[in-house]
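Take a moment to look over the structure below before reading on. The paragraphs that follow lead through it step by step.

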Amino acid sequence: MSESVVRIALPPAAAPGYDVRFIAADQLLEGFQRSDALITDTNLARHYPEITDSFDRKVIIPAGEKSKSGEMFLHVVESLAAQGQMRKGRIIAFGGGVVGDLAGYVAASFHRGVPFLQIPTSLLAMVDSSVGGKVGIDLSAGKNLAGAFWHPTEVRVCPDLLATLPEREFTNGMAEILKYGWIADVDLTDELIRERISLQHPRLQGVIRRCIEIKRDVVEEDPEERTGRRAILNFGHTVGHALEQILQYEHLLHGEAIAIGMVAEAQIGAVLGLPDFTGQIKQTFDLYGLPTCPDFPVDLDQILSVMKRDKKATGDGLATSLLTGAGECKLYTNVPEPLVRDVLKSLWHL
Ligand SMILES: NC(=O)c1ccc[n+]([C@@H]2O[C@H](COP(=O)([O-])OP(=O)(O)OC[C@H]3O[C@@H](n4cnc5c(N)ncnc54)[C@H](O)[C@@H]3O)[C@@H](O)[C@H]2O)c1
Ligand SMILES: [Zn+2]
(Lines give C-alpha, C1' and ligand atoms only; values in the text may rest on other atoms or scores of the structure.)
(Ligands and ions follow the chains in the order given, each with its own letter.)
Protein backbone atom coordinates (compact mmCIF):
# COMPACT_ATOMS: atom_id res chain seq x y z
CA MET A 1 0.00 0.00 0.00
CA SER A 2 1.18 3.52 -0.79
CA GLU A 3 2.96 5.35 2.00
CA SER A 4 0.41 8.12 1.79
CA VAL A 5 -2.48 5.83 2.79
CA VAL A 6 -3.26 4.39 6.20
CA ARG A 7 -5.94 1.74 5.85
CA ILE A 8 -8.41 1.22 8.70
CA ALA A 9 -9.90 -2.26 8.52
CA LEU A 10 -13.24 -2.78 10.24
CA PRO A 11 -15.11 -5.96 11.10
CA PRO A 12 -18.38 -6.49 9.16
CA ALA A 13 -21.12 -4.67 11.03
CA ALA A 14 -24.00 -7.07 11.31
CA ALA A 15 -26.70 -6.09 13.78
CA PRO A 16 -27.80 -8.99 15.98
CA GLY A 17 -31.23 -10.42 15.21
CA TYR A 18 -34.28 -9.67 17.30
CA ASP A 19 -37.62 -11.21 18.16
CA VAL A 20 -41.05 -9.95 17.23
CA ARG A 21 -43.26 -11.23 20.05
CA PHE A 22 -47.04 -11.31 20.21
CA ILE A 23 -48.12 -10.39 23.69
CA ALA A 24 -51.28 -9.70 25.67
CA ALA A 25 -52.08 -6.17 26.86
CA ASP A 26 -51.14 -7.00 30.46
CA GLN A 27 -47.62 -8.01 29.36
CA LEU A 28 -46.87 -4.78 27.54
CA LEU A 29 -44.73 -3.34 30.30
CA GLU A 30 -42.95 -6.53 31.32
CA GLY A 31 -39.24 -6.20 31.97
CA PHE A 32 -39.05 -2.44 31.68
CA GLN A 33 -36.63 -0.67 33.99
CA ARG A 34 -36.38 2.77 35.51
CA SER A 35 -33.56 3.52 33.10
CA ASP A 36 -35.84 3.12 30.06
CA ALA A 37 -37.46 6.16 28.41
CA LEU A 38 -40.77 6.22 26.56
CA ILE A 39 -41.46 8.07 23.33
CA THR A 40 -45.10 8.25 22.31
CA ASP A 41 -47.62 10.64 20.78
CA THR A 42 -50.51 12.65 22.19
CA ASN A 43 -53.20 10.21 20.96
CA LEU A 44 -51.55 7.19 22.55
CA ALA A 45 -50.89 9.11 25.77
CA ARG A 46 -54.60 9.96 25.91
CA HIS A 47 -55.78 6.39 25.26
CA TYR A 48 -53.18 4.62 27.39
CA PRO A 49 -52.31 6.81 30.41
CA GLU A 50 -51.40 3.67 32.39
CA ILE A 51 -48.50 3.07 29.96
CA THR A 52 -47.32 6.68 29.88
CA ASP A 53 -47.56 6.99 33.67
CA SER A 54 -45.35 3.94 34.15
CA PHE A 55 -42.28 5.76 32.85
CA ASP A 56 -40.35 8.40 34.78
CA ARG A 57 -38.62 9.53 31.62
CA LYS A 58 -40.76 10.22 28.60
CA VAL A 59 -41.33 12.50 25.63
CA ILE A 60 -44.83 12.89 24.21
CA ILE A 61 -44.83 14.30 20.69
CA PRO A 62 -47.83 15.77 18.84
CA ALA A 63 -49.58 13.05 16.80
CA GLY A 64 -49.09 13.17 13.03
CA GLU A 65 -46.50 13.08 10.26
CA LYS A 66 -45.36 16.67 10.94
CA SER A 67 -43.64 15.36 14.07
CA LYS A 68 -41.18 13.34 11.96
CA SER A 69 -39.11 16.50 11.59
CA GLY A 70 -35.62 17.75 12.36
CA GLU A 71 -37.05 20.15 14.95
CA MET A 72 -38.89 17.35 16.76
CA PHE A 73 -35.80 15.12 16.57
CA LEU A 74 -33.77 17.81 18.37
CA HIS A 75 -36.57 18.41 20.86
CA VAL A 76 -36.65 14.70 21.74
CA VAL A 77 -32.87 14.27 22.15
CA GLU A 78 -32.64 17.50 24.17
CA SER A 79 -35.53 16.39 26.41
CA LEU A 80 -33.96 12.98 26.97
CA ALA A 81 -30.63 14.53 27.84
CA ALA A 82 -32.33 17.04 30.17
CA GLN A 83 -34.13 14.16 31.91
CA GLY A 84 -30.79 12.45 32.51
CA GLN A 85 -31.33 9.58 30.10
CA MET A 86 -28.17 7.47 30.03
CA ARG A 87 -26.43 5.36 27.43
CA LYS A 88 -27.58 2.04 28.90
CA GLY A 89 -31.25 2.98 29.13
CA ARG A 90 -33.49 1.82 26.33
CA ILE A 91 -35.75 3.97 24.20
CA ILE A 92 -39.25 2.51 24.07
CA ALA A 93 -41.21 3.58 20.97
CA PHE A 94 -44.94 3.27 21.72
CA GLY A 95 -46.94 4.40 18.70
CA GLY A 96 -47.48 4.19 14.98
CA GLY A 97 -44.88 4.55 12.25
CA VAL A 98 -44.26 8.21 13.03
CA VAL A 99 -43.25 7.50 16.64
CA GLY A 100 -41.30 4.36 15.58
CA ASP A 101 -39.32 6.11 12.83
CA LEU A 102 -38.54 9.18 14.93
CA ALA A 103 -37.75 7.27 18.15
CA GLY A 104 -35.57 4.84 16.17
CA TYR A 105 -33.59 7.71 14.66
CA VAL A 106 -33.24 9.24 18.11
CA ALA A 107 -31.99 5.85 19.41
CA ALA A 108 -29.52 5.61 16.51
CA SER A 109 -27.88 8.91 17.42
CA PHE A 110 -28.44 9.54 21.13
CA HIS A 111 -25.10 8.78 22.88
CA ARG A 112 -24.03 7.52 19.41
CA GLY A 113 -26.59 4.74 19.56
CA VAL A 114 -28.71 3.23 22.33
CA PRO A 115 -30.93 0.13 22.33
CA PHE A 116 -34.54 0.65 21.38
CA LEU A 117 -37.68 -1.41 21.59
CA GLN A 118 -40.72 -1.00 19.38
CA ILE A 119 -44.32 -1.36 20.51
CA PRO A 120 -46.23 -0.65 17.28
CA THR A 121 -49.77 0.53 17.89
CA SER A 122 -51.16 1.06 14.37
CA LEU A 123 -51.87 -1.81 11.99
CA LEU A 124 -49.39 -0.32 9.49
CA ALA A 125 -46.67 -0.15 12.13
CA MET A 126 -47.33 -3.75 13.22
CA VAL A 127 -47.01 -5.24 9.73
CA ASP A 128 -44.49 -2.87 8.24
CA SER A 129 -42.65 0.02 9.87
CA SER A 130 -41.66 -1.65 13.18
CA VAL A 131 -39.80 -4.42 11.35
CA GLY A 132 -36.77 -3.96 9.11
CA GLY A 133 -34.63 -1.40 10.90
CA LYS A 134 -35.33 1.67 8.77
CA VAL A 135 -35.63 4.75 10.94
CA GLY A 136 -35.60 8.42 10.07
CA ILE A 137 -37.25 11.77 9.68
CA ASP A 138 -38.61 13.92 6.86
CA LEU A 139 -36.80 16.98 5.48
CA SER A 140 -38.32 19.95 3.64
CA ALA A 141 -37.02 18.43 0.42
CA GLY A 142 -38.84 15.14 0.95
CA LYS A 143 -39.97 12.28 3.16
CA ASN A 144 -37.53 10.02 5.02
CA LEU A 145 -34.54 11.90 3.61
CA ALA A 146 -32.50 11.66 6.80
CA GLY A 147 -32.32 8.26 8.38
CA ALA A 148 -30.39 5.19 9.38
CA PHE A 149 -30.62 1.45 9.66
CA TRP A 150 -31.00 0.92 13.38
CA HIS A 151 -32.68 -2.29 14.42
CA PRO A 152 -34.76 -2.64 17.55
CA THR A 153 -33.70 -5.14 20.19
CA GLU A 154 -37.28 -6.40 20.39
CA VAL A 155 -40.69 -5.72 18.89
CA ARG A 156 -43.82 -6.34 20.99
CA VAL A 157 -47.03 -6.71 19.00
CA CYS A 158 -50.29 -6.49 20.92
CA PRO A 159 -53.27 -6.53 18.53
CA ASP A 160 -55.57 -5.51 21.43
CA LEU A 161 -54.11 -2.01 21.04
CA LEU A 162 -55.89 -1.74 17.68
CA ALA A 163 -59.23 -1.39 19.51
CA THR A 164 -58.62 2.36 19.84
CA LEU A 165 -57.21 2.89 16.33
CA PRO A 166 -59.56 4.95 14.12
CA GLU A 167 -61.26 2.84 11.44
CA ARG A 168 -59.70 4.76 8.56
CA GLU A 169 -56.24 4.01 10.01
CA PHE A 170 -57.13 0.31 10.28
CA THR A 171 -58.13 0.26 6.60
CA ASN A 172 -54.90 2.10 5.83
CA GLY A 173 -52.92 -0.79 7.32
CA MET A 174 -55.06 -3.31 5.40
CA ALA A 175 -53.65 -1.88 2.15
CA GLU A 176 -50.13 -3.01 3.12
CA ILE A 177 -51.50 -6.38 4.28
CA LEU A 178 -53.20 -6.93 0.91
CA LYS A 179 -49.94 -5.92 -0.78
CA TYR A 180 -48.06 -8.71 1.04
CA GLY A 181 -50.47 -11.26 -0.39
CA TRP A 182 -50.06 -10.12 -3.98
CA ILE A 183 -46.27 -9.87 -3.84
CA ALA A 184 -45.51 -13.01 -1.87
CA ASP A 185 -48.34 -15.30 -0.73
CA VAL A 186 -51.29 -16.54 -2.79
CA ASP A 187 -52.84 -18.29 0.21
CA LEU A 188 -52.86 -15.03 2.14
CA THR A 189 -54.54 -13.28 -0.81
CA ASP A 190 -57.17 -16.02 -1.04
CA GLU A 191 -57.90 -15.74 2.67
CA LEU A 192 -58.19 -11.94 2.53
CA ILE A 193 -60.55 -12.10 -0.46
CA ARG A 194 -62.73 -14.93 0.92
CA GLU A 195 -63.72 -12.95 3.98
CA ARG A 196 -63.06 -9.37 4.99
CA ILE A 197 -60.58 -9.28 7.88
CA SER A 198 -61.83 -6.82 10.47
CA LEU A 199 -60.66 -5.82 13.92
CA GLN A 200 -62.84 -8.52 15.48
CA HIS A 201 -61.88 -11.30 13.09
CA PRO A 202 -60.27 -14.29 14.84
CA ARG A 203 -57.64 -14.54 12.09
CA LEU A 204 -56.37 -10.96 12.49
CA GLN A 205 -53.36 -11.95 14.59
CA GLY A 206 -52.47 -14.79 12.22
CA VAL A 207 -52.64 -12.43 9.26
CA ILE A 208 -50.43 -9.85 11.01
CA ARG A 209 -47.94 -12.59 11.83
CA ARG A 210 -47.83 -13.80 8.22
CA CYS A 211 -47.09 -10.27 6.98
CA ILE A 212 -44.26 -9.88 9.50
CA GLU A 213 -42.81 -13.22 8.28
CA ILE A 214 -42.93 -12.04 4.67
CA LYS A 215 -41.22 -8.78 5.55
CA ARG A 216 -38.67 -10.73 7.63
CA ASP A 217 -37.82 -12.98 4.67
CA VAL A 218 -37.26 -10.01 2.35
CA VAL A 219 -35.29 -8.00 4.92
CA GLU A 220 -33.04 -10.97 5.77
CA GLU A 221 -32.12 -11.26 2.09
CA ASP A 222 -31.49 -7.53 1.64
CA PRO A 223 -31.04 -5.96 5.09
CA GLU A 224 -29.77 -2.58 3.91
CA GLU A 225 -31.59 -2.22 0.60
CA ARG A 226 -28.55 -2.98 -1.52
CA THR A 227 -29.52 -5.92 -3.75
CA GLY A 228 -32.86 -4.63 -5.01
CA ARG A 229 -34.76 -7.50 -3.34
CA ARG A 230 -36.40 -5.12 -0.89
CA ALA A 231 -37.95 -3.32 -3.85
CA ILE A 232 -40.75 -5.93 -4.04
CA LEU A 233 -42.15 -4.36 -0.86
CA ASN A 234 -42.61 -1.29 -3.01
CA PHE A 235 -45.40 -2.66 -5.21
CA GLY A 236 -47.91 0.16 -5.66
CA HIS A 237 -45.48 2.66 -4.15
CA THR A 238 -44.02 4.32 -7.30
CA VAL A 239 -47.43 5.70 -8.22
CA GLY A 240 -48.56 5.88 -4.57
CA HIS A 241 -45.60 7.95 -3.39
CA ALA A 242 -46.00 10.29 -6.36
CA LEU A 243 -49.65 10.85 -5.43
CA GLU A 244 -48.73 11.47 -1.79
CA GLN A 245 -46.05 13.92 -2.81
CA ILE A 246 -48.18 15.98 -5.16
CA LEU A 247 -50.83 16.18 -2.43
CA GLN A 248 -48.11 17.21 0.05
CA TYR A 249 -48.98 14.28 2.30
CA GLU A 250 -52.44 15.59 3.01
CA HIS A 251 -55.89 14.23 2.09
CA LEU A 252 -54.70 10.68 1.29
CA LEU A 253 -53.28 8.30 3.87
CA HIS A 254 -50.27 6.24 2.74
CA GLY A 255 -52.32 3.03 2.43
CA GLU A 256 -54.94 4.80 0.35
CA ALA A 257 -52.28 6.21 -1.99
CA ILE A 258 -50.60 2.85 -2.49
CA ALA A 259 -54.00 1.19 -3.06
CA ILE A 260 -54.51 3.52 -6.05
CA GLY A 261 -50.88 2.81 -6.93
CA MET A 262 -51.33 -0.98 -6.83
CA VAL A 263 -54.27 -0.81 -9.26
CA ALA A 264 -52.24 1.39 -11.62
CA GLU A 265 -49.09 -0.74 -11.39
CA ALA A 266 -51.10 -3.94 -11.90
CA GLN A 267 -52.45 -2.43 -15.11
CA ILE A 268 -48.95 -1.29 -16.19
CA GLY A 269 -47.81 -4.91 -15.74
CA ALA A 270 -50.77 -6.20 -17.75
CA VAL A 271 -50.00 -3.81 -20.63
CA LEU A 272 -46.39 -5.02 -20.53
CA GLY A 273 -47.67 -8.58 -21.03
CA LEU A 274 -47.51 -9.78 -17.42
CA PRO A 275 -50.48 -11.61 -15.85
CA ASP A 276 -53.38 -9.21 -15.29
CA PHE A 277 -54.47 -8.81 -11.65
CA THR A 278 -56.10 -5.41 -12.06
CA GLY A 279 -59.70 -6.65 -11.81
CA GLN A 280 -59.03 -8.82 -8.75
CA ILE A 281 -57.15 -6.02 -6.99
CA LYS A 282 -59.93 -3.48 -7.65
CA GLN A 283 -62.58 -5.89 -6.39
CA THR A 284 -60.64 -6.54 -3.20
CA PHE A 285 -60.15 -2.84 -2.49
CA ASP A 286 -63.91 -2.36 -2.91
CA LEU A 287 -64.43 -5.06 -0.28
CA TYR A 288 -62.07 -3.31 2.15
CA GLY A 289 -63.23 0.23 1.40
CA LEU A 290 -59.94 1.35 -0.17
CA PRO A 291 -59.82 3.74 -3.15
CA THR A 292 -58.85 2.45 -6.59
CA CYS A 293 -58.66 5.76 -8.46
CA PRO A 294 -57.97 9.38 -7.41
CA ASP A 295 -61.16 11.37 -6.71
CA PHE A 296 -59.34 14.68 -7.24
CA PRO A 297 -57.85 16.31 -10.33
CA VAL A 298 -54.40 14.93 -11.21
CA ASP A 299 -51.79 16.69 -13.32
CA LEU A 300 -50.28 13.82 -15.32
CA ASP A 301 -47.04 15.67 -16.16
CA GLN A 302 -46.50 16.42 -12.52
CA ILE A 303 -47.10 12.84 -11.41
CA LEU A 304 -44.78 11.43 -14.08
CA SER A 305 -42.02 13.85 -13.18
CA VAL A 306 -42.22 12.77 -9.52
CA MET A 307 -42.23 9.10 -10.59
CA LYS A 308 -39.03 9.65 -12.58
CA ARG A 309 -37.27 10.72 -9.38
CA ASP A 310 -38.34 7.55 -7.53
CA LYS A 311 -35.45 6.03 -5.55
CA LYS A 312 -35.73 2.77 -7.56
CA ALA A 313 -35.11 4.52 -10.90
CA THR A 314 -31.74 3.82 -12.50
CA GLY A 315 -32.05 4.48 -16.21
CA ASP A 316 -34.12 6.53 -18.61
CA GLY A 317 -37.57 5.09 -18.07
CA LEU A 318 -39.59 4.60 -14.90
CA ALA A 319 -38.90 1.96 -12.27
CA THR A 320 -41.70 0.04 -10.64
CA SER A 321 -42.22 -3.29 -8.92
CA LEU A 322 -44.65 -5.40 -10.94
CA LEU A 323 -46.57 -8.60 -10.29
CA THR A 324 -45.06 -11.39 -12.39
CA GLY A 325 -47.53 -14.01 -11.16
CA ALA A 326 -49.81 -14.73 -8.21
CA GLY A 327 -47.70 -14.07 -5.12
CA GLU A 328 -44.69 -12.98 -7.18
CA CYS A 329 -43.20 -9.57 -7.75
CA LYS A 330 -40.11 -8.15 -9.44
CA LEU A 331 -38.55 -4.72 -9.95
CA TYR A 332 -38.73 -3.45 -13.55
CA THR A 333 -36.57 -0.54 -14.61
CA ASN A 334 -36.79 1.40 -17.86
CA VAL A 335 -40.57 1.05 -18.12
CA PRO A 336 -41.43 3.40 -21.02
CA GLU A 337 -42.95 6.66 -19.82
CA PRO A 338 -45.51 6.89 -22.70
CA LEU A 339 -46.89 3.49 -21.66
CA VAL A 340 -47.32 4.61 -18.06
CA ARG A 341 -48.88 7.87 -19.25
CA ASP A 342 -51.44 5.98 -21.37
CA VAL A 343 -52.33 3.60 -18.52
CA LEU A 344 -52.88 6.41 -15.99
CA LYS A 345 -54.83 8.46 -18.53
CA SER A 346 -57.27 5.68 -19.26
CA LEU A 347 -57.54 4.32 -15.69
CA TRP A 348 -58.09 7.74 -14.14
CA HIS A 349 -60.24 9.08 -17.04
CA LEU A 350 -57.89 12.03 -17.61
N1 LIG B 1 -39.59 2.43 8.81
C2 LIG B 1 -40.26 1.80 7.88
O3 LIG B 1 -39.83 0.77 7.36
C4 LIG B 1 -41.59 2.34 7.48
C5 LIG B 1 -42.46 1.56 6.70
C6 LIG B 1 -43.73 2.08 6.40
C7 LIG B 1 -44.09 3.33 6.88
N8 LIG B 1 -43.22 4.05 7.62
C9 LIG B 1 -43.59 5.38 8.14
O10 LIG B 1 -44.66 5.20 9.04
C11 LIG B 1 -45.41 6.40 9.11
C12 LIG B 1 -46.88 6.05 9.03
O13 LIG B 1 -47.20 5.23 10.12
P14 LIG B 1 -48.68 5.16 10.70
O15 LIG B 1 -49.62 4.92 9.59
O16 LIG B 1 -48.66 4.25 11.86
O17 LIG B 1 -48.92 6.68 11.13
P18 LIG B 1 -49.00 7.41 12.57
O19 LIG B 1 -47.88 7.00 13.43
O20 LIG B 1 -49.15 8.86 12.27
O21 LIG B 1 -50.33 6.82 13.17
C22 LIG B 1 -51.56 7.13 12.55
C23 LIG B 1 -52.53 7.82 13.51
O24 LIG B 1 -53.07 6.82 14.36
C25 LIG B 1 -52.87 7.15 15.72
N26 LIG B 1 -52.70 5.89 16.45
C27 LIG B 1 -51.73 4.96 16.26
N28 LIG B 1 -51.98 3.89 17.02
C29 LIG B 1 -53.13 4.12 17.68
C30 LIG B 1 -53.92 3.37 18.58
N31 LIG B 1 -53.61 2.12 18.94
N32 LIG B 1 -55.03 3.95 19.08
C33 LIG B 1 -55.40 5.21 18.70
N34 LIG B 1 -54.73 5.95 17.83
C35 LIG B 1 -53.60 5.42 17.32
C36 LIG B 1 -51.66 8.06 15.74
O37 LIG B 1 -51.66 8.89 16.86
C38 LIG B 1 -51.89 8.84 14.43
O39 LIG B 1 -52.81 9.88 14.63
C40 LIG B 1 -44.94 7.28 7.96
O41 LIG B 1 -44.13 8.32 8.46
C42 LIG B 1 -44.10 6.33 7.12
O43 LIG B 1 -43.05 6.99 6.43
C44 LIG B 1 -41.99 3.59 7.93
ZN1 LIG C 1 -45.90 1.43 2.26
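In this predicted model, the shell around ligand 1 draws on both parts of the protein, with at least three residues coming from each of domain 1 (19-164) and domain 2 (167-347). In total, 26 residues surround the ligand, and the closest of them are Asp41, Glu65, Thr121, Ser122 and Thr164. Sorted by class, this shell consists of seven nonpolar, 10 polar and nine charged residues.

Individual polar contacts can then be picked out around the ligand. The side chain of Asp41 has an N or O atom 2.6 Å from an oxygen atom of ligand 1, while a polar atom in the side chain of Thr121 lies 2.8 Å from a nitrogen atom of the ligand. With Leu161 the backbone is involved, as one of its polar backbone atoms is 2.9 Å from a nitrogen atom of ligand 1. How much of ligand 1 does the protein bury? Of the 860 Å² that ligand 1 exposes when taken alone, the protein buries 88%.

The centres of domain 1 and domain 2, taken over C-alpha atoms, are separated by 26 Å. Across the boundary, 17 residues of domain 1 are in contact with 25 residues of domain 2, and the area buried between the two domains is about 1,900 Å², with carbon and sulfur atoms giving 71% of it. On the side of domain 1, Phe22, Leu123 and Val127 supply 32% of the area that this domain buries against domain 2, which is more than any other three residues.

Definitions and conventions: Residues numbered from 1 in each chain as written. Chains lettered and ligands numbered in written order. Predicted model: local features only at pLDDT ≥ 70, side-chain atom pairs only at ≥ 80, totals over all residues. Heavy atoms only, no water. Near = heavy atom within 4 Å. Polar contact = N/O pair within 3.5 Å; in protein donor to acceptor, adjacent residues only side chain to side chain. Areas by Shrake-Rupley, 256 points an atom, 1.4 Å probe, with all protein chains shown as cover. Nonpolar A, V, L, I, M, F, W, Y, C, P; charged D, E, K, R; others polar. Domains from an automatic or database assignment. Contact = heavy atoms within 4.5 Å. Buried area = accessible area lost by both parts, 1.4 Å probe.
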